[in-house]
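Colleague: Hi! Could you walk me through this one while I have it open?
Modeller: Happy to, here it is.

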Amino acid sequence: MRRTLERTQVVPVPIDQAFAFFAEARNLESITPPWLRFRIVAAPARLGRGAHLTYRLRLFGVPIRWRTEIVAWQPPHGFTDRQLSGPYPLWEHTHRLTALADGTEIYDHVAYRLPLEPLASLVAPLTVGRWLDAIFDHRAARVAELLR
């Protein structure tokens with residue numbers, strides 16, 4: 001079953017500044033909740049289409065390695081990263097930025113599938129759904145702090 005998560009927020013900085021923030025791979029560590037113990041293992045000096053990134057994190061003490069590829073790159077309007085290996089059978093995250101008179105709208109669209117479907121559907125609202133909400137709530141708060 002394909003699932004989606006969508007979030008939108010507005011930050012009071014120009015689109016070029018907002019894109020530059022997300023285009024810096026190391027900033028991902030600063031907007032991810034500390035309880036995930038998220039770390040970038042490998043990332044190119046400059047992101048762009050075809051760039052591969054490797055992360056590690058922990059969930060309930062279990063180490064998880066995650067590899068993604070930037071599959072679309074349209075500065076300063078956005079990019080899409082797709083999981084190559086990791087915890088989900090599908091994870092594709094599109095970051096879209098739109099210039100506004102008073103800043104930039106940041107829109108996140110994540111398409112994902114859970115492992116162990118259809119069994120996962122029974123527990124997803126109480127587990128993964130809540131975790132993703134908490135992760136993206138934290139992310140929005142940190143982005144608002146860092147891009148003001």
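Modeller: One term before we start: two strands count as paired if DSSP finds at least two bridges between them. And keep in mind that this is a predicted model.

Colleague: Thanks. Which residue in β4 is the bridge partner of Leu59?
Modeller: That would be Val62. β3 and β4 run antiparallel and are joined by eight bridges.

Colleague: And how many residues sit between β3 and β4 in the hairpin?
Modeller: Two residues. Phe60 is in that turn, and its phi is positive, at about 55°.

Colleague: What about β2 and β3, how many bridges there?
Modeller: Three, and the two strands run antiparallel. If you want a spot to look at, Ala42 has Thr54 in β3 as its bridge partner.

Colleague: Zooming out, in what order do the strands of the sheet come?
Modeller: The order is β1-β7-β6-β5-β4-β3-β2, seven strands in an open sheet with antiparallel pairing. β1 and β2 are the edge strands, each of them pairing on one side only. On average, neighbouring strands of this sheet are turned by 25° against each other, ignoring direction.

Colleague: How many bridges hold β1 to β7?
Modeller: Nine, again in the antiparallel sense. One of the places to check is Thr4, whose bridge partner in β7 is Ala111.

Colleague: Switching to helices. Which strands does α4 lie across?
Modeller: β1, β3, β6 and β7, and α4 runs at about 15° to β1. For α1 the strands are β1, β4, β5, β6 and β7, and α1 runs at about 160° to β6.

Colleague: Which residues of α4 are buried?
Modeller: Val128, Leu132, Ile135, Phe136, Arg139 and Val143. They take up an arc of only 90° around the axis, so they are on the same side of α4.

Colleague: Why would residues three or four places apart point the same way?
Modeller: Because an α-helix has 3.6 residues a turn.

Colleague: Nice. What covers those buried residues of α4?
Modeller: The cover includes β1, α1, α2, β6 and β7.

Colleague: What span should α4 have, going by its 19 residues?
Modeller: At 1.5 Å a residue, helix α4 (residues 128-146) should span 27 Å, and its end C-alpha atoms are 26 Å apart, which agrees.

Colleague: New topic: aromatics. How many aromatic pairs are there?
Modeller: The count comes to 10 aromatic pairs. Phe38 and Tyr55 make a tilted one, with 5.0 Å centre to centre and 35° between the planes. This pair links distant parts of the chain, 17 residues apart: Phe38 is in the loop between α2 and β2, and Tyr55 is in strand β3.

Colleague: Are Phe38 and Tyr55 buried or exposed?
Modeller: Phe38 counts as buried because its relative accessibility is 8%. Tyr55 is buried too, at 7%.

Colleague: And which residues make up the aromatic cluster?
Modeller: Trp66, Tyr88, Trp91 and Tyr112. Both Tyr88 and Trp91 are buried.

Colleague: Last one. Where is Gly48, and what does Gly48 touch?
Modeller: Gly48 is in the loop between β2 and β3. Leaving out residues up to four places away in sequence, Gly48 touches Ile70 and Trp73. The C-alpha atoms of Gly48 and Ile70 are separated by 6.5 Å, though the two residues are 22 apart along the chain. Gly48 also counts as buried, at 14% relative accessibility.

Definitions and conventions:
Residues are numbered from 1 along each chain as its sequence is written. This is a predicted model: local features need pLDDT of at least 70, side-chain atom pairs count only at pLDDT 80 or more; totals for chains, interfaces and linings use all residues. Side-chain values use heavy atoms; hydrogens and water are left out. Helices (H or I, at least four residues) and strands (E, at least two) are DSSP runs, numbered from the N terminus. The expected span of a helix is 1.5 Å times one less than its number of residues. Buried means under 20% relative accessible area, exposed over 50%, partly exposed in between (1.4 Å probe, protein chains only). The arc is that of the directions from the helix axis to the C-beta atoms. Contact means heavy atoms within 4.5 Å. Axes are lines fitted to C-alpha atoms, for helices over the stretch in contact, and angles run from 0 to 180 degrees between N-to-C directions. Rings of Phe, Tyr and Trp (its six-membered ring) pair if their centres lie within 6.5 Å; planes under 30 degrees apart count as stacked, over 60 as edge-to-face and the rest as tilted.
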